[in-house]
Amino acid sequence: MRNGVELSTPSQDKEYLTHSGTRSTATVEEWHMHRYGCICILALDTKGSLLSKGGKATSLLSALQWSTLSQILHDPFNKVIVIASDIPFVLDEAVPGSTADGMPVSWSAYQDELHNLLEKLFKWKHAQYPAREVVLLSSGPGFGTTGDICDHELGLSIPIAIVGPVLGRVCNPKRWKLQSTLAGGRFSYVYRNPVDKWNFCMVDIDLSASQHKPNVEVQMIETEVPPGTTWAGGVSV
């Protein structure tokens, strides 16, 4: 029952709700949300605000994306939320650098916004633990890996994966910290050994395995880079 209206449980295997884009012609946003029964997938756009405001945006996400996330977190039917980002959620640079286009290389460049996001997600999971799960997926700087983000205040963890490249150049991860803490030690992350091959990931969500706990597995799929592959600059494998 919500606002005096009786709600029916959504189908487990049918996409029945989508939302995407922007309601304003003044911004460029390429995010989208899909819902499949009790599973919700939100693909975020961290570049739109920066591009629309000439790199002077104070937030990675637009107000509309934050509003959509809030609606997802307040929907009582959601059991599993998969959030995808075009840059890693947690990945600190061992040696800070900069990109040629001035775009952030991870959410770590926007600490307050990252902490706000993690706090919201962990609180949502904790409210009905273990009946809820969150998965964080993102593209990366040239290597793939899986790991976990831990909330030491609530005593919970969330699986996370950095994927790619699928066909691009594989990069050495030595520039990056594969484990670190943030928000004064409330959160920490740790990644497993990176994949030095072309890769992507598969997320297997089983809501029928247990009545009280969704079974979620994140698995890396990898393939060798063909010998003789040449990248820009004449560097070959």
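A residue counts as buried when its relative accessible area is under 20%. By that cut-off, 42% of the 237 residues of the protein chain are buried. Please keep in mind that this is a predicted model. Here is a friendly tour, from the whole chain down to a few residues worth a look on screen.

**The chain as a whole**
- The protein chain has three helices and 13 strands.
- Take the contacts between residues at least 6 apart in sequence: 63% of them join residues at least 24 apart.
- The accessible surface of the chain is about 12600 Å², and carbon and sulfur atoms account for 52% of that surface.

**Helix α3**
- Helix α3 covers residues 111-127, which is 17 residues.
- The buried residues of α3 include L114, L117, L118, L121, F122 and W124.
- E113, H115 and K125 of α3 are buried as well.
- In general, an α-helix has 3.6 residues a turn, so residues three or four places apart point the same way.

- You will find S59 in the loop between α1 (48-52) and α2 (63-73).
- The side chain of S59 makes a polar contact of 2.7 Å with the side chain of E113, and E113 is one of the buried residues of α3.
- The S59 side chain also reaches the backbone oxygen of L61, at 2.8 Å.
- Beyond its neighbours within four places in sequence, S59 is in contact with S49, W66, Y110 and E113.

- S108 sits in the loop between β5 (92-93) and α3.
- Is S108 buried or exposed? Its relative accessibility is 15%, so S108 counts as buried.
- The side chain of S108 has a polar contact, at 2.7 Å, with the side chain of D92.
- With neighbours within four places in sequence set aside, S108 is in contact with F89, V90, L91, D92 and L114; of these, L114 is a buried residue of α3.

- Which residues make the nonpolar surface patch of about 320 Å²? The patch is made by V166, L167 and F200.
- L167 belongs to the loop between β8 (156-163) and β9 (176-177).
- L167 has 62% relative accessibility and therefore counts as exposed, the cut-off for exposed being over 50%.

Notes
Residues numbered from 1 in each chain as written. Predicted model: local features only at pLDDT ≥ 70, side-chain atom pairs only at ≥ 80, totals over all residues. Heavy atoms only, no water. Helix = DSSP H or I, 4+ residues; strand = E, 2+ residues; numbered from the N terminus. Expected span 1.5 Å × (residues − 1). Buried < 20%, exposed > 50% of the residue type's maximum accessible area, 1.4 Å probe, protein only. Polar contact = N/O pair within 3.5 Å; in protein donor to acceptor, adjacent residues only side chain to side chain. Contact = heavy atoms within 4.5 Å. Patch = residues over 30% accessible without salt bridge, like charges linked within 9 Å, V, L, I, M, F, W, Y side chains within 5 Å. Areas by Shrake-Rupley, 256 points an atom, 1.4 Å probe, with all protein chains shown as cover. Salt bridge = Lys/Arg side-chain N within 4 Å of Asp/Glu carboxyl O.
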